[in-house]
Amino acid sequence: MTRQISESAPPVGVAEIIAPGLRRILAPNPSPMTFWGTNTYLLGQEQVAVIDPGPKNDAHLQTILEATDHGRTISHIMVTHAHMDHSPLAADLSQYSGARIFAFGTAVDGRSEIMTQLAETGLAGGGEGIDHAFTPDHALHHGEKVHSDEWQLEALHTPGHIGNHLCFAWGEHCFTGDHVMGWASSLVSPPDGDLTDFMASCRLLQTRQWHMFFPGHGAPVETANDRLDWLVAHRLKRESAVLAHLENGPAQAFDIAQAIYHDTPASLMGAATRNVFAHLIDLTRRGLIEPRQTLEAEALFSKK
């Protein structure tokens, strides 16, 4: 069974307590890709870590600053990944607060070799948009711990949704960014998204027992490990559907997406096609299928 805390959309721009020592502010950026909007988390009572400041928005910036005054200090700015709905406000928040920005690296750091090659051929990312201007003050490595007198976070490098994606473990809780969410499966859009890396990151998280996930969008996920299991099973089901479609002969990513994403609105078929292309790349790397010519988004793929 998988489920998340039963909750309607929280009010925008309000710092709500969602766990002892943890508040959430919903950014004003709802969309089909961001659900209610981006969750900005404030961890700590006096020395506050701001996790995922969110999109560049003056009202959201002001809400964060007002929620961290009156004896509170922003000590750290933690960014899960360099997408336009998570990272752009970090620079302004750092300027106003003096806090340093912590993340894995720039938007291209952590990208796999094959995705780098695809990017060099001109393939551009889709989905939420890439924050190419993002640069952290401190580049975190996998397993590195960041702490104050009140809290400790462990950086877990979880590429897949994008190469520089981090989850932040907080004891038995985890801030999962866009890697694990309760309302939808994560978008994996090449060349920034890499399904091979995504599945490896899921299995990394599966090595631990978690109490709760705090995702970048949507409500906290209570049954954290169950949700991880569902996410892996969901991807394996999609993989089986892709392979089954290729039994009928060579096909392009768009044709496969049209066939297997039966209930997907037309506005999201681009994202669905990207997800299928991510599967096709992964299956190619594993030697199960091959492109008729070069590996590209419009290539015909066939089973070996």
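**Exercise 1. Work out whether C202 is buried or exposed, and find its nearest cysteine sulfur.**

Step 1: C202 has 0% relative accessibility, so it counts as buried (buried is under 20% relative accessible area, exposed over 50%, partly exposed in between, with a 1.4 Å probe and protein chains only).

Step 2: The nearest cysteine sulfur to C202 belongs to C167, 9.1 Å away, and C202 is in no disulfide (a pair of cysteine sulfur atoms within 2.5 Å).

Step 3: Now try C174. Its relative accessibility is also 0%, so C174 counts as buried. The structure holds zero disulfides; for C174, the nearest cysteine sulfur is that of C167, at 4.6 Å.

A quick note before going on: this is a predicted model, where local features need pLDDT of at least 70 and side-chain atom pairs count only at pLDDT 80 or more, while totals for chains, interfaces and linings use all residues. Residues are numbered from 1 along each chain as its sequence is written, and side-chain values use heavy atoms, with hydrogens and water left out.

**Exercise 2. Find the strand order of the open sheet and its edge strands.**

Step 1: Line up the five strands: the order is β8-β9-β10-β11-β12, with mixed pairing. Strands (E, at least two residues) and helices (H or I, at least four) are DSSP runs numbered from the N terminus, and two strands pair if DSSP finds at least two bridges between them.

Step 2: Look for strands that pair on one side only: these edges are β8 (145-147) and β12 (212-215). From one strand to the next, the twist averages 25°.

Step 3: Zoom in on β11 (residues 173-177), which pairs with β12 in the parallel sense over four bridges. H173 has M212 in β12 as its bridge partner.

**Exercise 3. Describe how α5 and α7 cross.**

Step 1: Helix α5 (residues 224-246) and helix α7 (residues 269-285) have axes that come within 10 Å and cross at roughly 80°. Axes are lines fitted to C-alpha atoms, for helices over the stretch in contact, and angles run from 0 to 180 degrees between N-to-C directions.

Step 2: The two helices are therefore roughly perpendicular (65 to 115 degrees; under 35 is roughly parallel, over 145 roughly antiparallel, the rest oblique).

**Exercise 4. List the buried residues of α2 and find what covers them.**

Step 1: In α2 (residues 89-97), the buried residues are L89, A90, D92, L93 and S94.

Step 2: Their cover includes β4 (47-51), α1 (58-67), β5 (73-78) and β6 (100-103).

Technical notes. Contact = heavy atoms within 4.5 Å.
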